[in-house]
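Subject: Structure handover

Hello,

I am passing on the structure we spoke about, with my notes below it. Please look through the model before reading on.

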Amino acid sequence: MPLKKSTPPSAISRRSFIKTAGMTAAAFTIVPRFVLGGQGYRAPSDKLYIAGIGVGGKGQSDIASFAKSGKAEIAYLCDVHDSRAANSVKAFPKAVYYKDFRKMLDKEHKHIDAVSVSTPDHNHAVQAMAAMQLGKHVYVQKPLTHDIYEARMLTEAAKKYKVVTQMGNQGASGDGVRKLMEWYQAGLIGEVNEVYCWTNRPVWPQGIAWSDKKTAVPADLDWDLWLGTAPYKEYVEKLVPFNWRGWWDYGTGALGDMGCHIVEPPFRVLGLQYPTDVTASVGSVYVDEFKRGYFPDSCPPSSYTVLTFPGKNGKTVKMHWMDGGIQPERPEELGANEIMGDGGNGVIFIGSKGKMMCGTYGADPKLLPTSRNKEDKTPQTIKRVPGGAEGHYAQWVEACLAGYGKMEVSSPFEIAGPLTETVLMGNLAIRSFDVRVPKADKPDQFDFPGRNIKLLWDGANMKITNFDAANQFVKREYRQGWKLGA
């Protein structure tokens, strides 16, 4: 179906003008909320006017979920790939369509209350920051950003611009993580100083060489806009719309894809902040006998990282992350035929008095052995989000309507930022594994100084203190013409 072109603000009379005096009462039910009385004001029938950046795939389900709340109007759609956006255009026929988010925000910001960002990881930060600088509330898909520096900047910007923020890790609103918190706070498993997290991701190609086959860019895709902050490369087949996740220029690998869902429960239950150190090992791809492939642009097929955090009473907490199908040892308390986690993904908390586990999103929490759950009478002390994980969207909509600081959300940037930094710290260690330097006596051979060491992290200053080459992964250089606001 043909996509509607953008229209000037003056053309959107349903939002900007009252045609007749007799329509005045009705018009006040649909004009943007800021027209009605400023930040914090809420009329009984008020709606949140949302612009979606990236409206295919996950973006499509995101904006549909906002609309399902009954208190949001999807007023603008923006996507660089017309065919990916087509379903959203059909679902929201009144919404105005753009390809370039910068033009949309420049022309339409007076008619927008909030912005949803559901694009590839490498463009999250610039899109979210542009919206926040205009005073727009933002919902950003996980991981919050591609780089550690970006996560810190968005966290600070949320406070600076006083906007309601939420990351798209819906498990943060689920009942499961709250049950885990109640068990831990009640002392059912004692003190936790070790936790295991794992995923069966990646489910896309990784540990491979960049394709040398030139392919024509699809006619309905703006390739330059899709690249955004990333270095320019010729278009290759099967990168869009999904497999970009396995390439460091655009994605953040299995850890970035699933970490914010799986690491979030221990992060919240144990009250973790910035890690102090990290180690990593990665799966190898051999291209010949005793010849290990070197593909630094692609995320590895599997990885294992261990992050250390300050714990209670001067102790530390060690968080183990495993991906690519690697799983931790089964707890002795788990029956032989009982599923660990949810099968492909999970978390196990190792306590001084017992253990507990959950699946993705903190779902289906269990005390171990599972027979303990039948006798559990732990009182509910933590308020639940209406609708649980699915209520994550409506929660943000309600908070935006109420105004900054008026309502609690489950994953505001003050929580999502440090969580994302933790996830990306694992990636920093994984990428450091491939840093190589020529040997002094054999320049055609290489040393890998980032392997088999512990990277020490100065969280306040966002810096690895004992291996400077790793700091290139804290903040990347954007392509010319792109920058992150402040």
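A residue is called exposed here when its relative accessible area is over 50%, and buried when that area is under 20%. The model is predicted. With that cut-off, Asn313 counts as exposed because its relative accessibility is 68%.

Backbone

Asn313 sits in the loop between strand E11 (303-310) and strand E12 (316-323). Its phi is near 55 degrees, which is positive although the residue is not glycine. Phe290 is a further case, with phi near 60 degrees. That residue belongs to the loop between strand E9 (286-288) and strand E10 (291-292). Phe290 is also exposed, because its relative accessibility of 84% is over 50%.

There are cis peptide bonds to check as well. The bond from Lys142 to Pro143 is cis, with omega near -15 degrees; Pro143 lies in the loop between strand E5 (137-140) and helix H8 (148-161). The bond from Arg201 to Pro202 is cis too, with omega near 10 degrees, and Pro202 is placed in the loop between strand E7 (192-198) and helix H10. For context, most residues other than glycine have a negative phi, and most peptide bonds are trans.

Annotated spans

UniProt, in an unreviewed entry, lists residues 51-168 as "domain: Gfo/Idh/MocA-like oxidoreductase N-terminal". Over this span the chain is 45% helix and 20% strand, and the end C-alpha atoms are 16 Å apart. The annotation "domain: Gfo/Idh/MocA-like oxidoreductase bacterial type C-terminal", also from an unreviewed UniProt entry, covers residues 213-272. That span is 35% helix and 0% strand, with its end C-alpha atoms 45 Å apart.

Nonpolar cores

The largest nonpolar core has 86 residues, and those touching the most other members are Val115, Met132, Val269, Phe349, Met356, Phe413 and Leu428. Helix H15 (residues 413-432) contributes the most to this core, with nine residues. Apart from it lies another core, of 23 residues, which includes Ala72, Tyr393, Ala399 and Val409. Beyond four places in sequence, Leu428 touches Ile148, Leu455, Ile464, Ala470, Phe473 and Val474.

Ala416 is placed in helix H15. It is buried because its relative accessible area is 0%, under the 20% limit.

Leu77 is in strand E2 (residues 72-78). With a relative accessible area of 1%, Leu77 is buried. Setting aside neighbours within four places in sequence, its contacts are Gly52, Val55, Ile63, Ser88, Val89, Phe92, Ala95, Val96, Tyr97 and Tyr98. The C-alpha atoms of Leu77 and Val89, twelve residues apart along the chain, are separated by 7.4 Å.

Pockets and cavities

The largest pocket holds about 760 Å³ of space. It is lined by 45 residues, and Ser118, Thr119, Pro120, Trp244 and Arg245 are the closest to its centre. Helix H4 (58-68), helix H7 (124-133), helix H10 (223-227) and helix H11 (253-262) each supply at least two lining residues, and H11 has the largest share, with four. By class, this lining has 18 nonpolar, 17 polar and ten charged residues.

The second largest pocket holds about 630 Å³. Its lining is made of 33 residues, with Trp248, Pro296, Asp297, Arg431 and Phe473 nearest the centre. Phe473 is also one of the residues that Leu428 touches. H15 gives the most to this lining, with five residues. The classes here are 16 nonpolar, nine polar and eight charged.

The count of cavities of 30 Å³ or more is three. The largest cavity has a volume of about 50 Å³ and is lined by 13 residues, of which Ala254, Pro300, Ser303, Asp323 and Ile430 lie nearest its centre. H11 and H15 each supply at least two of its lining residues, and H11 gives the most, with three. Six of the lining residues are nonpolar, six are polar and one is charged.

Regards

Methods
Residues numbered from 1 in each chain as written. Predicted model: local features only at pLDDT ≥ 70, side-chain atom pairs only at ≥ 80, totals over all residues. Heavy atoms only, no water. Core = buried A, V, L, I, M, F, W, Y, C linked by side-chain atoms within 4.5 Å. Buried < 20%, exposed > 50% of the residue type's maximum accessible area, 1.4 Å probe, protein only. Contact = heavy atoms within 4.5 Å. 1 Å grid on protein atoms, 1.4 Å probe; cavity = no way out; pocket = protein on both sides within 12 Å on 5 of 7 lines; lining within 4 Å. Points joined across faces, edges and corners; volume = space filled by probe spheres on them. Nonpolar A, V, L, I, M, F, W, Y, C, P; charged D, E, K, R; others polar. UniProt positions renumbered as here; feature names shortened; annotations may be inferred.
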